[in-house]
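The sequence and coordinates come next.

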Amino acid sequence: MSTVLIVEDNLLLAECYTRWLTAGGYDVRCAIGAQAALDELDDELPDVLLVDILLHGANGIQLLQTLRSHSDFFHIPVVLCSSVVPSTLLPSLRAYGVLAVLDKSTLTRRRLAEAVGKALNEATV
Amino acid sequence: MRGRNNRQGQQSFFADETAVVMAAAHELKSPLTLITYIAQILADKTLGLSDVERADYLRRLQVVSERALRLTQQLAVSYRIREDQVGFVFNLEPINVNMVCESALHELAPYAREYDQMVCFKAARRAQTVIANREILHDVLTNLIENAIRHNAPKTEVTMMARTRDGKVRLNVHDNGELISAREVLRLRQTLGRSPQPLTGHAGTSGLGLYIVSQLASAMGGSLGIGRAKRGTTFFVDLYKSQQMNLW
C-alpha cells in the first residue's frame with residue numbers, strides 16, 4: 001500500500017483529503033506544518049507528498065526547498081494543493097519535485113486520486 | 001493643490017478597497033472550500049459513512065458555514081462604518097463586558113472544538129461596564145477569538161480577560177501559539193488598522209480580521225493593540241469604562 005504524507009495546517013481540510021485517499025486505498029499520514037512534516041519524514045519516508053503552500057510558520061515552498069537539499073527526500077514526488085498557485089506554474093515547480101498542482105477550490109475526490117496516482121506512476125518510471 | 005490631493009486620496013481609497021476585496025475573497029475561499037468538500041463527502045455513497053460520521057460532518061458543515069457568515073457580516077458592518085453610510089446608526093451604551101465575553105465564548109466554542117482547543121474567560125470579580133455597542137463588541141471579540149484559535153497550537157487554550165486600566169477596560173484575547181519576535185510585534189503594531197495584504201506567503205496573515213477589528217473598535221471610541229507574552233500573543237481592545245453605577 002502506498003503512503004501519502006499530507007502537509008496541511010487546516011485540520012478539517014486534512015481530514016477530508018484523508019477520507020478520500022484512504023477510500024482510494026492509500027495509507028495516509030498528516031503533518032500540520034513544515035516542521036511537523038520534516039519530523040514525519042525522519043520517522044518514515046512516504047511515497048508521495050501532498051503539500052499546501054500557505055502554512056503557518058515556514059510555508060510550503062520553503063519546505064520543498066529544504067527537501068530538495070536533502071538527498072534522502074529528493075526523490076519523493078510532490079503534489080501541490082493550493083488556492084494561490086496556478087497550475088501554469090507547474091513547469092517552474094518541477095525542479096522541486098512537484099509533479100502536479102491542484103486548485104483547492106475546484107478539487108474533487110476523483111481529481112485528487114488521479115493526481116496522486118499519476119505522481120506515483122511518474123516517480124517510478 | 002486640492003485637486004491633486006483629491007486624486008491622491010481617490011487613488012489611495014481604490015488601492016485600499018482593492019486590497020480589502022482581494023483579502024476578503026481569499027479569506028472566504030477557505031470556509032467555502034471546506035463546505036464544498038464536506039458536501040461532496042456527504043453525497044458520496046461509496047464512502048460508506050456511518051450515521052454517526054454523517055451527523056459529525058453535518059455539524060462541521062454548520063460550524064464552517066457560520067464562520068463564513070460571521071466574516072461576511074463583519075465585512076458588511078466594517079464597510080458601512082468606513083463609508084459612514086447614511087442610515088447606518090448604532091447606539092453606544094453601557095455594556096456589561098462579562099455578558100458579551102460569555103456570549104462570544106459560547107458562539108466560538110464549537111469552532112474551537114474543531115481545532116481541538118478550548119476558549120476560557122477569566123472574568124474579573126466585579127463585572128465591568130464599557131461604552132460600546134453590544135453587537136459590534138460581540139463581532140470584535142469573535143473575530144479576535146477566531147484569530148487566536150487559528151494561531152494556537154492544538155490541545156491548548158485561548159484565554160479572554162477583562163481588566164480596568166486608567167478609565168478604560170482592556171479586553172485581552174491571548175493565544176498560546178508560536179512566540180513572535182519583538183520585531184514582528186513592532187511591525188504588527190505599525191500595520192494594525194491599515195489595509196490588509198491579500199497574499200503574504202503564509203496562512204491566515206492577510207490581516208483582514210485585525211483590520212476589521214481595528215475599524216469596529218475605533219467606531220466605539222476604542223483601539224486595538226498587540227502584546228507579547230512568554231508564550232503566544234495577546235491582542236487587546238481598549239474601551240472607555242462606563243461611569244454609570246454598576247447594577248450587575
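## Chain B as a whole

In this predicted model, buried residues make up 32% of the 248 residues in chain B. Chain B contains six helices and seven strands, and, read along the sequence, these follow the pattern α-α-β-α-β-β-α-β-β-α-α-β-β. Of the contacts in chain B with a separation of 6 or more, 75% are between residues 24 or more positions apart.

## A helix pair in chain B

Helix 4 (residues 134-151) and helix 6 (residues 208-219) of chain B have axes that come within 9 Å and cross at roughly 155°. Because angles over 145 degrees count as roughly antiparallel, that crossing makes helix 4 of chain B roughly antiparallel to helix 6 of chain B. The crossing of helix 4 of chain B and helix 6 of chain B is left-handed.

On the side of helix 4 of chain B, the residues that meet the partner helix are B:I136, B:D139, B:V140, B:N143, B:L144, B:E146 and B:N147. Helix 6 of chain B contributes B:G209, B:I212, B:V213, B:L216, B:A217 and B:A219 to these contacts.

## Two loop residues with positive phi in chain B

B:D116, a residue other than glycine, has a positive phi, near 60°, and is placed in the loop between helix 3 (97-114) and strand 2 (118-122) of chain B. With 13 C-beta neighbours inside 10 Å, B:D116 counts as partly exposed.

B:D166 likewise has a positive phi in a residue other than glycine, here near 50°, and its place is in the loop between strand 4 (157-165) and strand 5 (168-174) of chain B. B:D166 is exposed, because 7 other C-beta atoms lie within 10 Å and a residue with 12 or fewer counts as exposed.

Helix 2 (residues 34-43) of chain A has A:A34, A:A37 and A:L41 as its buried residues. Seen down the axis of helix 2 of chain A, these buried residues fall within an arc of 55°, so they line one face of the helix. The buried residues of helix 2 of chain A pack against strand 1 (3-7), strand 2 and helix 3 (60-68) of chain A, whereas the face turned away from the buried side carries the exposed residues A:D39, A:D42 and A:D43.

Helix 5 (residues 109-124) of chain A has 16 residues and reaches 23 Å from its first C-alpha to its last, which is close to the 22 Å expected at 1.5 Å a residue. The buried residues of helix 5 of chain A are A:R109, A:L112, A:A115, A:V116 and A:A119. They cover an arc of only 140° around the axis, which puts them on the same side of helix 5 of chain A. On the other side of helix 5 of chain A, the exposed residues are A:R110, A:N121, A:E122 and A:T124.

## A buried tyrosine in a loop of chain A

A:Y26 lies in the loop between helix 1 (11-23) and strand 2 (27-31) of chain A. A:Y26 is buried, because 23 other C-beta atoms lie within 10 Å and 20 or more make a residue buried.

Leaving aside its neighbours within four places in sequence, A:Y26 is in contact with A:M1, A:S2, A:T3, A:V4, A:L21 and A:V116. One of these, A:V116, is among the buried residues of helix 5 of chain A. As for A:R111, which is 85 residues away from A:Y26 along the chain, the C-alpha atoms of the two residues are separated by 15 Å.

How values were computed
Residues numbered from 1 in each chain as written. Chains lettered and ligands numbered in written order. Predicted model: local features only at pLDDT ≥ 70, side-chain atom pairs only at ≥ 80, totals over all residues. Helix = DSSP H or I, 4+ residues; strand = E, 2+ residues; numbered from the N terminus. Expected span 1.5 Å × (residues − 1). Arc of directions from axis to C-beta. Contact = placed C-beta atoms within 7 Å. Axes fitted to C-alpha atoms, helices over the stretch in contact; angles between N-to-C directions. Parallel < 35°, antiparallel > 145°, perpendicular 65-115°, else oblique. Left-handed = near helix turned anticlockwise from the far one by under 90°.
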